[in-house]
Amino acid sequence: MSTSAQLFEQACRHIPGGVNSPVRAFKGLDRPPVFMERAQGAYLFDVEGKRYVDYVGSWGPMITGHADPDVLGAVRERLDAGLSFGTPTAIETTMADLICEIIPSIEMVRMVNSGTEATMSAIRLARGFTGRDKIVKFEGNYHGHSDSLLVKAGSGALTHGEPSSPGVPAALAEHTVTLSFNDIDAVHECFAEIGDQIACIIVEPVAGNMNCIPSRPKFLETLRETCDRYGSVLIFDEVMTGFRVALGGAQAHYGVTPDLTCLGKIVGGGMPVGAFGGKREIMEHISPLGAVYQAGTLAGNPLAMAAGIALLKKIREPGFHETLSQRVTTLCDGLEERAHAAGVELLTQRAGGMFGMFFTGQSRVDNFAQATACDAGHFRRFFSSMLDEGVYLAPSAYEAGFMSSAHTPEDIQHTLEAAGRVFAGLAE
Ligand code: PLP
């Protein structure tokens with residue numbers, strides 16, 4: 001039995017499923033998860049010392065690679081001053097100023113501890129600001145695990161969402177409308193019927209939780225126009241896309257401005273951080289300025305701020321995102337080329353520093369139904385063989401991949417050569 005398999009058995013004794021977040025468990029894959037010991041640059045090293053080229057990057061934050069010396073140095077510098085004070089600190093203002101400078105639609109920002117908290121708080125704020133209860137989200141978008149967002153489309157009925165997890169009250173789920181991603185007509189129909197009851201639309205501008213699905217032309221513009229017309233708040237969940245698709249996030253990439261933006265992952269440099277912010281007029285409704293309650297014992301933690309600020313400063317370097325996108329292009333073009341040469345149907349989709357692989361003959365994947373129609377068996381075999389080859393991909397067919405600036409052309413070449421061998425095996 002491998003050391004990871006032994007550790008997994010031990011973990012399962014006192015941790016549900018052996019993990020502290022479900023996707024780490026490799027459920028549905030015929031092997032136990034790999035336990036990692038350390039990470040450096042583009043690489044993860046497991047408990048047996050095996051090296052992997054990593055395209056998960058801790059699910060997004062590690063955009064300059066693991067154990068970035070500048071980020072670690074910034075944390076070390078703050079460490080001896082103490083871990084947390086529960087008082088205002090100047091470094092929180094530095095972070096807020098930096099975020100507002102990089103993402104101009106954010107005029108005021110509140111720090112929280114995770115992406116889930118960011119979206120949950122933004123939704124409460126939108127409801128408090130508009131005095132409406134209903135929210136609109138899109139099938140296959142993930143916004144964390146707060147109750148209002150663990151909801152799927154009800155069968156046929158436009159206005160009645162159903163809980164997607166036990167424990168979510170049906171009475172709450174009823175207020176969440178779930179539409180198909182990239183479906184402009186569905187948005188029009190929904191608002192024509194109940195637009196005056198809708199507090200907000202929340203959307204991943206590039207969906208990264210059903211593989212990688214960019215918005216279609218005019219989709220985000222339609223959301224913007226519709227929210228303006230009906231007095232609803234437009235929330236971009238940029239927890240994944242923020243600082244990754246472009247420095248200014250997907251809103252800079254697409255040129256569409258939301259009212260509120262949710263951030264996470266990169267903004268904390270690998271520490272547990274999220275943030276939500278946007279129009280001053282809306283943000284002024286948050287306590288203690290306004291009546292919408294929101295708080296956090298460890299929010300704005302100085303060590304977490306130090307890590308995030310160091311990372312944000314680093315990725316502001318001119319050309320950073322262009323280089324990242326070029327590496328994604330090299331990887332994705334190379335994967336498609338090798339797959340097709342081996343007779344395997346593969347489609348890749350990309351947006352800045354994120355990408356996705358679909359085992360499908362379709363020329364485009366635009367929504368959840370199309371994403372879930374891809375060949376899951378091929379994905380499982382591909383993932384597992386790539387792991388054996390020393391390449392760590394997301395252990396699910398429905399997660400995006402993440403490039404970092406630490407991935408060298410040699411790392412990408414190594415990945416492509418491994419993929420070539422694996423595709424040949426798949427085609428047999
Ligand atoms: N929103 C998006 C787009 C995400 O991808 C995630 C997590 O992957 C979240 C929200 C939730 O963030 P967290 O896991 O930090 O709570």
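## Ligand shell and a helix pair in a predicted model

Of the 16 residues around the ligand, the ones that come nearest are Ser114, Gly115, Thr116, Gly144 and Val239. The structure is a predicted model. Helix H4, which covers residues 115–130, gives the most to the shell around the ligand, with three residues. By class, this shell holds four nonpolar, 10 polar and two charged residues.

The protein contains 14 helices and 18 strands. Its C-alpha atoms fill a box of roughly 55 × 55 × 50 Å along the principal axes. A compact globule of 428 residues would have a radius of gyration near 22 Å, and the protein, with 21 Å, agrees with this.

Two of the helices, H13 and H14, pack against each other. Two packed helices are described by the angle between their axes and the distance between the axes. Here the angle is about 140° and the axes are 10 Å apart. Angles over 145 degrees count as roughly antiparallel, and H13 and H14 are therefore oblique to each other. H13 passes H14 in a right-handed crossing.

The table lists the residues that meet where the two helices pack.

| Helix | Residues in the contact |
|---|---|
| H13 | His378, Arg381, Phe382, Ser385, Met386 |
| H14 | Ala418, Ala419, Val422, Gly425, Leu426 |

By class, the contact of H13 with H14 has six nonpolar, three polar and one charged residues. H13 spans residues 376–388, and H14 spans residues 409–427.

Methods: Residues are numbered from 1 along each chain as its sequence is written. This is a predicted model: local features need pLDDT of at least 70, side-chain atom pairs count only at pLDDT 80 or more; totals for chains, interfaces and linings use all residues. Axes are lines fitted to C-alpha atoms, for helices over the stretch in contact, and angles run from 0 to 180 degrees between N-to-C directions. Helices (H or I, at least four residues) and strands (E, at least two) are DSSP runs, numbered from the N terminus. Angles under 35 degrees count as roughly parallel, over 145 as roughly antiparallel, 65 to 115 as roughly perpendicular and the rest as oblique. A crossing is left-handed if the near helix is turned anticlockwise from the far one by less than a right angle, and right-handed if clockwise. Two residues are in contact if their C-beta atoms, placed from the backbone, lie within 7 Å. Ala, Val, Leu, Ile, Met, Phe, Trp, Tyr, Cys and Pro count as nonpolar, Asp, Glu, Lys and Arg as charged, and the others, Gly among them, as polar. A residue is near a molecule or strand if its C-beta atom, placed from the backbone, lies within 6 Å of it. The radius of gyration is taken over C-alpha atoms; the globule rule is 2.2 Å times the number of residues to the power 0.38.
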